[in-house]
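Hello,

Here is the structure I promised to pass on to you. Please have a look at it first, and then read my notes below.

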Amino acid sequence: MALPKFDVLCPDSLDEACDMLESHASEGIKILAGGTDLLVNIKLPVIAPRAYVLESSTSQLVSTHSEELWKDHSGPLAPPSPAYLLSLHRLRNELERIEELPDGSLLVGALTTARTLQMSELVRLKWAALAEGADALGSPLVRARGTLGGNICNARPAADLFVPSVALGAKLGVVSIHGYEVIDASEFALAPGKTRLQSGQILVEIVYPASPPGTGSAYYKLAQRKALDISVVGAGVRLTIDSLLKITSVSLALGAVGPTPIVAKTVIDVLLGKKLDDSTLKLAATAAASDATPIDDHRGSALYRKQMIEVLTRKILTTAYLRARRSL
Amino acid sequence: MKKIISLTVNGKVVEVAVEPGRTLLELIRDDLNLPGTKLGCGLGDCGSCTVLMDGIPTFSCLTLAIQAEGCRIETVESLSQDGHLSKLQEKFIEKGAIQCGFCTPGMLMTSTELLRRNPGPDEHEIREAISGNLCRCTGYQKIVEAVQGHSEEGEK
Ligand SMILES: Cc1cc2nc3c(=O)[nH]c(=O)nc-3n(C[C@H](O)[C@H](O)[C@H](O)COP(=O)(O)OP(=O)(O)OC[C@H]3O[C@@H](n4cnc5c(N)ncnc54)[C@H](O)[C@@H]3O)c2cc1C
Ligand code: FES
Ligand code: FES
């Protein structure tokens, strides 16, 4: 399967990258990280070859993603492939890193691959939901190339690194020629494939709040097979408990049950100040299901998804609570 | 516009001019004449195009040649030395882990990396490692046995 014509720009620094994005904005330019979403979309008619779109509809010159899932390549209104790809591969030294900051938070560079996240003992110990998202993503080959930044910016509602990042309360550090900006992961996605990222902006780092004693997290993906499948439902949670084992903070995110990863807000009221016993678990599961707006599709019906949200919510809460107790 | 990149392929430094849209797979097969690496789906699903890039199993069909600049690439052609197949290749033959052979180069590269990182993998670890490499013929069992058989006897 051949790729259409485009030019690839290879900046040696972030400043150069920002300048290039700005100066080629009008011709259509897309950032290339691992390419596991972008190159598939360009090869399939999800992002149609430029010439085709120019002929069929001259007004369709948008450089954002189509609404389609990464593999559903149906729509005739696919946006044109960009004239330029800005490859970040020379910025690996700068943007591929995992670092615990002095305040205990975790900084992950946008080019860090799912494979590297999986292999990091630090991430698995203190930000387990992120490690488990990485475990669930695609296959070993996809994890070797697919990056955290690409997973978040691609903004699929089922994205296996994005959903746990929302649960963990991540902050996204973004640069452009106009400077540095921080965006909450929970507010980043607007619709499938659409984000708050303005043209000219690059996601450079993702910062996860500290994981003090009494904190635990978990992510679980339900799919029809273990490798190479998109979730029917995904769910991630982070919670903190006090010495009496009562929950003092909690954040739960759901994937594949709405147009973007969803923060389950009613769960918070159910859980705050409580120990995690059977009746609380049950209430929390029902609350989570009521927060979601799943649809019927070939991966599962809306009803099935609602029921599975309950099952997954119980599962991840139990796991995260256990981890929180162990870390007290 | 073509770009000149330099990379190491099977131990040799090569400098080539590539079209920006050229995949690493096309570079390896068509420009460097190393046809061992196969094109299956072209979309990251099957793993028949797997090579090692800086030691990591990588689908060359979804990697631009330009993205591999400065990297160390190993293809299936690097496994045999002076006309002798590697131990792992011998095991694939001995255990019947090859039928049509189309997945074999990718399977070999993925398993080679697994064995470097984990010389004595158990069945679960082997199945997990090759879960991005599809095989339509063998049902995987023979491939698992070949990798296991190799690790029982140790590296050549
Ligand atoms: C076979 C296969 C299976 C897959 N399975 C899964 C799965 O199970 N779960 C899952 O979540 N995903 C899956 N994916 C999708 C994909 O692998 C992941 O979303 C991956 O994390 C994307 O990262 P990337 O670096 O490859 O992104 P790219 O393809 O390089 O980029 C994706 C998008 O983000 C933009 N972008 C990338 N980096 C930045 C940045 N730093 N700043 C601004 N914009 C940026 C790009 O312009 C593009 O629009 C699969 C893909 C394939 C091919
Ligand atoms: S040909 Fe590359 S993954 Fe199928
Ligand atoms: S031997 Fe035929 S695909 Fe594996």
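The notes below go through the ligand and then the contact between the chains. Please keep in mind that this is a predicted model.

**The ligand**

Ligand 1 sits between chains A and B. There are 37 residues around ligand 1, and those that come nearest are Ile31(A), Thr36(A), Asp37(A), Leu38(A) and Thr147(A). Sorted by class, this shell is made up of 19 nonpolar, 12 polar and six charged residues.

Which elements of chain A supply at least two residues each of the shell around ligand 1? They are strand S2 (29-32), helix H2 (38-43), helix H9 (148-154) and strand S10 (202-208). H9(A) gives the largest share, with five residues.

Some backbone atoms are worth a look here too. A polar backbone atom of Ile31(A) is 2.6 Å from an oxygen atom of ligand 1. For Ala33(A), a polar backbone atom and an oxygen atom of the ligand are 2.8 Å apart. Gly138(A) places a backbone N or O atom 2.9 Å from a ligand oxygen atom. As for cover, ligand 1 has 990 Å² of accessible area on its own, and the protein covers 97% of it.

**The contact between the chains**

How much area do chain A and chain B bury between them? The value is about 2700 Å², with 59% of it on carbon and sulfur atoms. Chain A brings 33 residues to the contact and chain B brings 36 residues.

One of the salt bridges joins the side chains of Arg90(A) and Glu69(B), at 2.5 Å from N to O. The polar contacts between chain A and chain B come to 11 residue pairs, with both residues at pLDDT 80 or more.

On the side of chain A that touches chain B, at least two residues each come from strand S1 (7-9), H2, strand S3 (84-87), helix H5 (114-119) and helix H8 (140-145). H8(A) supplies the largest share of that side, six residues. By class, this side of chain A has 19 nonpolar, five polar and nine charged residues.

Best wishes

Notes: Residues numbered from 1 in each chain as written. Chains lettered and ligands numbered in written order. Predicted model: local features only at pLDDT ≥ 70, side-chain atom pairs only at ≥ 80, totals over all residues. Heavy atoms only, no water. Near = heavy atom within 4 Å. Polar contact = N/O pair within 3.5 Å; in protein donor to acceptor, adjacent residues only side chain to side chain. Areas by Shrake-Rupley, 256 points an atom, 1.4 Å probe, with all protein chains shown as cover. Helix = DSSP H or I, 4+ residues; strand = E, 2+ residues; numbered from the N terminus. Nonpolar A, V, L, I, M, F, W, Y, C, P; charged D, E, K, R; others polar. Contact = heavy atoms within 4.5 Å. Buried area = accessible area lost by both parts, 1.4 Å probe. Salt bridge = Lys/Arg side-chain N within 4 Å of Asp/Glu carboxyl O.
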